[in-house]
Amino acid sequence: MTPGSKQYLPPEVLARIGRLDLRARTVVDGVLAGLHKSPYKGNSVEFLQHREYTRGDDLRRVDWKVWGRQDRLYVKEFEDETNLRLFLLVDGSASMDYQPPRFAATQGLTKFDYAATLAASLAWLGLSQGDAVGTAVFDKQVTASVPARTSRSHLASLVKALEQPRQKQPSDFLAVLRGLAETLPRRGLVVLCSDLLGDREAIFKGLQLLRQRGHDLAIFHVLDDDELDFPFDGPTRFEGLELPEDLACNPRALRAGYLEAIDKFLVEARSRAAATRCDYHLVRASQPIDSVLVNFLARRNRLRA
Amino acid sequence: MPTFDFTNLLWWGLPLAAVPVVIHLINLLRHRTIDWAAMEFLLASQRKYRTRIFLKQLLLLLLRILAILGLVAVLAQPRWTTDLGLLLGGQQTTHVVLLDDSFSMAETLPDSAPKNNTQTTSTQTTSPFIRGRRLIARLLEELAATPGQQLFSLGRFSQFSSDRPPDRNGPDELTDQFDLREETVSPQNLTVLRRTVEGLAHSAHAVGPMAAIRSAIPLFSKGEGGVLWLITDLRSRDWLKAEPTAEILQPLADAGIEIHFVDAAALATEQPATDAEPRANLTVERLEMVGGVPATDVLLPWEVTLRNQGDMPAGPVALAIREDGLERPGLQVDGIPAGETVNVRFESRFPEAGGHLVEVELPTDQLAVDNIRTAGVFVVDEAEVLIIAEPTGSEADAGSDAFYLATALDPGAAAATGLSPRIESPRALAQLDLSRFDSIWLVDVARLDAAEREPLEAYAKAGGGVVFFMGPDTSAAEINDTLFREGAGLFPAPLAGPVDLLPDPRNPEAPDVVAENHPVVAVLSGRRNPFLDAVRVERYMAIKRDYEPPPESGLRRLLSLRNRAALALERPFGSGLGVAILTTAGPVWNNWARNNPSWVVVMLELEGQLARLRRQRETLLVGEPLEVVLEQGVDQIDVDFLLPPHGTTVRQVASTSADGELVAQLSDTNSPGGYLARWQTVSGGQRERVIAVNVNPTEGNLERIAKTDLDQVMAGIPFLYERAELLEPGDGNRSGTSLLRPLLLLLLCILLAEQALGFIVSYHPVRRSTR
C-alpha cells in the first residue's frame, strides 16, 4: 500500500472528535497502520521482545527461526534509542482562526485546530518512539510552552499547552523564533505549523537563527482551501482578521489578482524555505492529517537515506 | 435615419434599460461579510486591478443595457431610410393601390397568415379581399413611418368599371372614383386612412382591372417615383382577356413606375401555378320562368341552371327555394359533372296578383355570393293577349280564324292558362296601349296603315312579340312593302304569294308539317308525333324563292312543310320578336286548328316564348341601371325604389329619355336581390314592378391564371409577383429597409460578448492540487 492510495481521515471527520489527544491518537493509529516500513529502523539494536506479526510489519523483522519451529510469524522488537528532540511550534495568531463560510454551521477545523492536531499527532509519534517532544503556541509572544521530554505521560502536558486559550494577536515571528533559538538547550527538530501570514522577512530571519543554532527545521504551511482558491461569488465584504482594513467588492473581479498574489507568496515561501534548508510542506486544511504525516515521514526517511 | 414600426413599444421598452443598473445597486446592498485572513493579497489585487475591474464591470453593465435596448428595438421593428433611398425614390413617392373588389375576392380561404393580428388563428378563414385590406393597412403604416412625402391613392376595380357609371357625377369624376386620392400619409392621419380601408367591402360586381388601371395612370404623371399595387385574385377571365394589358401598362413601365402584382388568393402551400388552376365552386347560373303565363293560380314552370365551376364532380346538392322570402320544398340535385351544368325544374303558383320574387339558393361553398339567384315575376289576374283580325259580321264568329286562335289561348275554365284573348280590328293598334298586352297576334290582316303599324313595331322593338297568321285576305305585296321593308320591318321574311301544297306521289303518307329544332316546338320534335302528323296543310304563303337572309338577321324556322318550304319562322326585331306562321289560323288552308291538340300546345308555347322576352327585361345584372318606363300623362313622375336587402327607399324623378320616353332610372343596383319600383298614377292608383338583380355568374369561375400566362400577358413589362399573405412590407423595393436582421445579428453579438465578458470576470472552480 502506498501513502497515496490509503483511505485517510478527512479533517471533517477529525473535527467531530472533540479532544485533541484522541484526535492525535486517531491520526497516529492511521499513520502506523499505513506504514510498510518504519522510518526509524536501525535506531535500536537491543532486542526487547517478540511480538506476533501484524499486517504492516516489516518482513525483514520477522523471526524466521521461530516460524521454522512453530510455523507462526513473530517479529523481533528492539529497544529504541534516540537522541531526537522534537519541538513543535504552533502559530496561534488571529489569522489561524479563519473559519470557512462552508463550515459556518458545522464548526469545522480552523487552521489552528488543524495545526494543533498535526502537532499533537507528531508529538504522539515522537513520544511513542522515545523522542523528547516539546511544544509552544505563540502569536505576538509565546502563550503556552512545554519543554521537551521523553516520557509518554508527557503527551498530556503537550496537549494541554496546545489547548490553552489564546490571545489571537498578530504574530511576531522574529521575536518568538529568536527567543526560541536562545532558549532551546539542545539541537533538535523544530517543526513550525503556521499560515506564515505576517512579516515574511521576520519569519525566515527567525528560522535562519534556529538553523544557525543547528536545529533541523520543518514547516507545515497550513492554509485553508478558500485562501488558496478564493472561490467566493457575489457581493462580499472582507474584514481582516489581523489587518485593520476591510474591503467590499465583487470577489469574482478580484480573484485573478488575488490568486496571482498568493501564488507569489507561496513561491516566495517555498524558495526561502529551501534557502533556509527547511523541510517545507504546504498543507491544505482540507487534507487528511494522516496523509500529511505519512508524506512528511516518508520524505524525512528519504532525506535521511 | 432609423424609424420604428411600433414606436409606442419603443417608448415603453426604453426604461427597461435601467434594469441592469438597478440590479447592480441592489446587489451592492445585499453583500455578505467574511472574516478574512489573507487580507494583504486581496488588498494587493484590489490595488492592482482597480481600474481594470471598474472598466470591465462598466463594460459588462453597458453590454447588458445594450442587450435590453437591442431587444426592445427588435420588437419595435426598426427600419432604415437612407439618403440614397430618398434620392432614388425622390422626396415624393406616389403609391396607387388598385384593389380587386369583384365578388370572387370573397372566396373562402384558410387564414394562414395571422402575423401580428392577434384575433386570427390558423383555424379561421379569410378571403382574398380581407387579405388585400390587411396588406393595405400594413402598407399605410409603413408609409407613415417613411420620411419624405408619400402620396397614397386607393381605388377599387368596381369604381372604374366601364359598365358601371360612377355614383355621382361631378366636375372631377376621378376624385369620386378613388376611395383615397393623393392623400399624404403621415402618422397624424394614419388612423383616418386605416379606418377608410377597414370600411371597404367587396362588391357584387364582376369587373376586370383595365378600367381601374387606365384611371390610375394620370396619378403618376407628376414625374416622381411611384409604385402601382394591383391586389387581385388573378382570375383567368380577368387577366387572359384579349385586352392589351401590357399596352395599357406600358406608359407606367416607361416612367419607371414599379408594378406589383399581389396575389391575394394564393393558398398557403401553393407555389405560383404553372397551369391554369380551377377551383371548386358551384354557381346558380340561371333562374328563369320557362313557360306559362304569370297569372294568378296558374302553374308557372321555372328552370334553374347550376354550374360546377371546379374540376371535380360535385356530389348531391340541396337547392333551397323561396317564394317571396318564404321557404318552400327544395330540390335535390344528384350531382353535377366537373365544368358542366345541370338544369332542374320546379313549379310555382301565386294566388295573388302583383310583384313576386322567386329565389333559389345553393348551400354555402367556396364562394357564397353566386349561390343565390333571384327572379321577379309580375303576376296579373289575367294576361291580356291582343288578337287583330279583320272585322267580320259578328265579333265572336265561331268559324273565324280569330276564334280558333282565341280558343287555343284560353281553352276554358277547366284548363286555366291565365290568358285573356281580346279580339280587335286593326284600328285598335292605334287606339290601345299595346304595352299592357302579353303578345299581339294578327290574323289574316289585309293591310295596316302607318298609324297602326308604327305602334305595333314600337311594341315589338320594346320587347313585345308579334305573330302573323296568313289567310285569303293577306297580300304578300302589302306585307313586303309595309311590314318587311327589305328587312327593316317587323315581318321576318319577304313573301312570294299563296301556294298550294301539292301531294307527294312518291310518299303519300309523309306528314305535311315537320317540327324544327326550336324551343316552341320542342315538345313535338324528336320523334313522330301522331298529332302533328295529322295536320294537313293545303295552302300556304311561300317565301320569296331567291330570298337569302343576312347572317345577322337571326331568322329561324319553327316549322317546315314536307317540301322544305317554311311554315313558321321568327326574326328578332329590336328587343322583341316577329313570328310568321305562313298559313291560316283557322281550318281554311289547313286542318290544324280543328280538333288537333298540337294546335293548342304550339300556340301556348309560342305565347309563352313571346311573353318571356318582356319578362327577361325584368332581370338585370348587378351594376346595370334599373329603368322604369312610365306612361306620359298617366303616371306621376316620382318613383320609389325599394332596395335589397333591407328595403331602403330611394326616390327618383323620371325624365324624358332620348327616345322620348318618360324613364325613372336607378343607377345604384350594387346589391343583388329583388328591387321593387312603386309609383302612383295621376288618377291616384298605385303601380309597381319587381326587378331581380343578380350577380354575373361568370365571376363564379374561380380559375386562376397560371404564372406563365401572366408573364406572357405582361410581356415586356417589368413587374413583381408577390403573395399577399407572405408579403413583408419593407423587404421589397419600398422606401426604407428593415433593420430587423442586422439588429438581430448585433443583438446576438452583444449577448455573446456579454456572456464572454461575464465568463471572464466570474469564478469557475478549478481543481487545484496541493502545492
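Q: In this predicted model, which residue is the bridge partner of B:Val514 in β25(B)?
A: B:Val514 is bridged to B:Ser560 of β25(B). The two strands involved, β23(B) and β25(B) (residues 556-561), pair in the antiparallel sense over three bridges.

Q: What makes β23(B) and β25(B) count as paired strands?
A: Pairing requires at least two bridges between two strands, and β23(B) and β25(B) have three bridges. They are therefore paired under that definition.

Q: Why are β19 and β23 of chain B said to stand at the edges of their sheet?
A: The open sheet has eight strands in the order β19-β18-β20-β21-β27-β26-β25-β23 (chain B), with mixed pairing. Each of β19 (419-424) and β23 (513-515) has a single partner strand, so one side of each is without a neighbour in the sheet. From one strand to the next, the twist averages 20°.

Q: Which helices of chain B lie against strands of this sheet, and at what angles?
A: Helix α11 (residues 401-409) of chain B packs on the sheet and touches β18, β19, β20 and β21 of chain B, its direction making about 165° with that of β18(B). Helix α13 (residues 450-461) of chain B lies across β20, β21, β26 (566-573) and β27 (576-581) of chain B, and runs at about 120° to β27(B).

Q: How do you know that β20(B) is covered on both faces?
A: On one side B:Ser439, B:Trp441 and B:Val443 are buried, and on the other B:Ile440 and B:Leu442 are buried. For β20(B) (residues 439-443), five of its five residues are buried. In a regular strand, side chains alternate between the two faces of the sheet.

Q: Which strands pair with β20(B), and in what sense?
A: Strand β18 (residues 383-389) of chain B pairs with β20(B) in the parallel sense over five bridges, and B:Ile388 stands opposite B:Leu442. Strand β21 (residues 465-469) of chain B also pairs with β20(B) in the parallel sense, over four bridges; here B:Ile440 stands opposite B:Val466.

Q: Why is B:Leu249 called buried?
A: The cut-off for a buried residue is 20 or more other C-beta atoms within 10 Å. B:Leu249 has 25 within that distance, and is therefore buried. B:Leu249 lies in helix α10 (residues 245-254) of chain B. Leaving aside neighbours within four places in sequence, B:Leu249 is in contact with B:Ile213, B:Ile259 and B:Ile717. B:Leu249 and B:Met714 are 465 residues apart in sequence, but 8.5 Å apart in space, C-alpha to C-alpha.

Q: Why are α3(B) and α18(B) described as roughly antiparallel?
A: The axes of α3 (residues 39-75) and α18 (residues 740-761) of chain B cross at roughly 155° and come within 9 Å. Angles over 145 degrees count as roughly antiparallel, and the two helices are therefore roughly antiparallel to each other. The crossing is left-handed. By class, their contact has 18 nonpolar, two polar and three charged residues.

Q: What does chain B contribute to its contact with chain A?
A: Chain B gives 31 residues and chain A gives 36 residues. The largest share of the chain B side, 13 residues, comes from α3(B). By class, that side has 15 nonpolar, eight polar and eight charged residues.

Q: How many bridges join β8 of chain A to β2(B)?
A: Five bridges join strand β8 (residues 236-240) of chain A to β2(B), and the two strands run parallel. Within this pair, A:Phe238 has B:Ile34 as its bridge partner.

Notes
Residues numbered from 1 in each chain as written. Chains lettered and ligands numbered in written order. Predicted model: local features only at pLDDT ≥ 70, side-chain atom pairs only at ≥ 80, totals over all residues. Axes fitted to C-alpha atoms, helices over the stretch in contact; angles between N-to-C directions. Parallel < 35°, antiparallel > 145°, perpendicular 65-115°, else oblique. Left-handed = near helix turned anticlockwise from the far one by under 90°. Nonpolar A, V, L, I, M, F, W, Y, C, P; charged D, E, K, R; others polar. Contact = placed C-beta atoms within 7 Å. Buried ≥ 20, exposed ≤ 12 C-beta atoms within 10 Å, placed from the backbone.
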